[in-house]
Amino acid sequence: MSASYDPSNDGAVTDFARKMSYGDYLHLDKILDAQTPKSESPDEMLFIIQHQTSELWMKLAVHEVSSALAALRGDALQPAFKMLTRVARIFEQLNSAWDVLRTMTPSEYTRFRAALGQSSGFQSWQYRAIEFLAGNRNTAMLKAHAHDQAVTARLEAILERPSLYDEALLLLERQGFEIGADAKRSEWRTTREESATVLAAWKSVYQDPERYWQLYELAEKLVDFEDYFRRWRFNHVTTVERIIGLKRGTGGTSGVGYLRRMLEVELFPELWKVRTEL
Ligand code: HEM
Ligand SMILES: N[C@@H](CC(=O)c1ccccc1NC=O)C(=O)O
């Protein structure tokens, strides 16, 4: 291609005075005007963009998990599978993003860390929404959002209804499996108790995949989702240790100690336990 090539001779549209352009459609004016570093550090831009892009991907994850949950409720398994696959891919994307942030050294981060004040990813409501939607429901996590009525209302609305895993268990029941206490719940705000009855139901599914192919596929989609989610947590805690060591978090927690504890959280416990049983 020569430097004098003019795409408008090829039909490229160039007059957007009265037409919607790429930037108009994507509201790039808003998005690209939202990076305001609080320090002189040249690395703060990386930190901001890393978080903003993560929040955009999380927005899509919230959207997809919500849709998957509704699809399961309506017995539309194929669409739910497609959405869950997409959620796993989003997490893969979030996981790769750590490689960019890891290029920031402790010395570089220290130059702007004080400017962050007490803000922290701990206050990411979209992250909490994903956890709540999946089924990890610790209502104590609502406290950090009490100052924001709109966010609190959105999180409360998620807690009012069954989680993704609850919907998977209700589907098991509709397909004829005994799920015990999970079939009789009247409130959804808290994380359910692990159950031997549910474990036995999943065991039957895994012992005869040909017979229960759809439930088997659903179980593996959920495990895939949790697998990627765990990798995200692991990448986070490793990056955090690499950058701030064992310092307390700006959000007030013990930092790496807190994040290591969170590595133990299981979203779909019986789906992991069933492996030992086969
Ligand atoms: C320099 C990079 C980072 C450091 C040093 C860091 C540090 C921490 C620490 C210490 C915590 C514990 C809460 C606290 O007391 O502050 C935390 C929580 C959290 N961070 Fe980060 N973080 C980093 C990057 C990120 C990125 C890129 C994201 C993506 C959005 C993120 C999202 C979160 C979330 C969602 C939590 C809450 C986790 C939970 O409650 O299980 N962090 N972070
Ligand atoms: N908790 C971090 C600060 C931090 O990482 C952060 C601060 C503001 C916005 C997002 C953040 N990312 C993840 O926690 C720290 O203790 O250094």
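The model on the screen is a predicted one. Gln50 has its place in helix H3. Leaving out residues up to four places away in sequence, Gln50 touches Ala97, Val100 and Leu101.

Now select Ile49, which also lies in helix H3, the stretch of residues 44-73. Ile49 is partly exposed, because 15 other C-beta atoms lie within 10 Å, a count between the limit of 12 or fewer for exposed and 20 or more for buried. The UniProt record, an unreviewed entry, lists both residues under "binding site", together with Phe47, Ile48, His51, Tyr109, Arg113 and Thr250.

**The whole chain**

The chain has 12 helices and 0 strands. Along its principal axes, the C-alpha trace spans about 70 × 55 × 35 Å. Of the 278 residues, 22% count as buried. Among contacts between residues at least 6 apart in sequence, 68% join residues at least 24 apart.

**The two ligands**

Select ligand 2 and display the residues around it. Which residues surround ligand 2? They are His51, Arg113, Leu116, Ser119, Ser120, Gly121, Ile244, Gly249, Thr250 and Gly251. By class, this shell divides into 2 nonpolar, 7 polar and 1 charged.

Move on to ligand 1, which has 24 residues around it. Those that come nearest are Ser120, Gly121, Gly249, Gly251 and Thr253. Two or more residues of the shell come from each of H3, helix H10 (213-244) and helix H11 (256-262). Which element gives the most to the shell around ligand 1? The answer is H10, with 5 residues. The shell around ligand 1 has 10 nonpolar, 14 polar and no charged residues.

Return to helix H3 and select Ala71, which lies in it. Ala71 is partly exposed, because 19 other C-beta atoms lie within 10 Å. Next select Met83 as well: Ala71 and Met83 are 12 residues apart in sequence, and their C-alpha atoms are 9.3 Å apart in space. Apart from neighbours within four places in sequence, Ala71 is in contact with Ala76, Pro79, Ala80 and Met83.

Asp75 is the next selection, in the loop between H3 and helix H4 (77-101). Asp75 is not a glycine, yet its phi is positive, about 60°. Is Asp75 buried or exposed? Asp75 counts as exposed, because it has 11 C-beta neighbours inside 10 Å.

For a second example, select His27, in the loop between helix H1 (22-26) and helix H2 (28-31). His27 has a positive phi of about 55°, although it is not a glycine. With 10 C-beta neighbours inside 10 Å, His27 counts as exposed.

**Helix H8**

Select helix H8, residues 164-174, where Leu164, Tyr165, Asp166, Glu167, Ala168, Leu169 and Leu172 are buried. Against which elements do the buried residues of H8 pack? They pack against H3, helix H6 (125-134), helix H9 (196-207) and H10. After H8 comes Gly176, whose phi is positive, near 105°.

**H6 beside H7**

For the last stop, display H6 together with helix H7, residues 149-159. The axes of these two helices come within 9 Å and cross at roughly 10°. Why is H6 described as roughly parallel to H7? The crossing angle makes H6 roughly parallel to H7, because angles under 35 degrees count as such. To see the contact, select Trp125, Arg128, Ala129, Phe132 and Leu133 of H6, then Val151, Arg154, Leu155, Ile158 and Leu159 of H7. By class, the contact has 8 nonpolar, no polar and 2 charged residues.

Definitions and conventions
Residues are numbered from 1 along each chain as its sequence is written. Chains are lettered from A and ligands numbered from 1 in the order in which they are written. This is a predicted model: local features need pLDDT of at least 70, side-chain atom pairs count only at pLDDT 80 or more; totals for chains, interfaces and linings use all residues. A residue is near a molecule or strand if its C-beta atom, placed from the backbone, lies within 6 Å of it. Ala, Val, Leu, Ile, Met, Phe, Trp, Tyr, Cys and Pro count as nonpolar, Asp, Glu, Lys and Arg as charged, and the others, Gly among them, as polar. UniProt positions are given in the numbering used here, feature names are shortened, and annotations may be inferred rather than shown by experiment. Helices (H or I, at least four residues) and strands (E, at least two) are DSSP runs, numbered from the N terminus. Two residues are in contact if their C-beta atoms, placed from the backbone, lie within 7 Å. Axes are lines fitted to C-alpha atoms, for helices over the stretch in contact, and angles run from 0 to 180 degrees between N-to-C directions. Angles under 35 degrees count as roughly parallel, over 145 as roughly antiparallel, 65 to 115 as roughly perpendicular and the rest as oblique.
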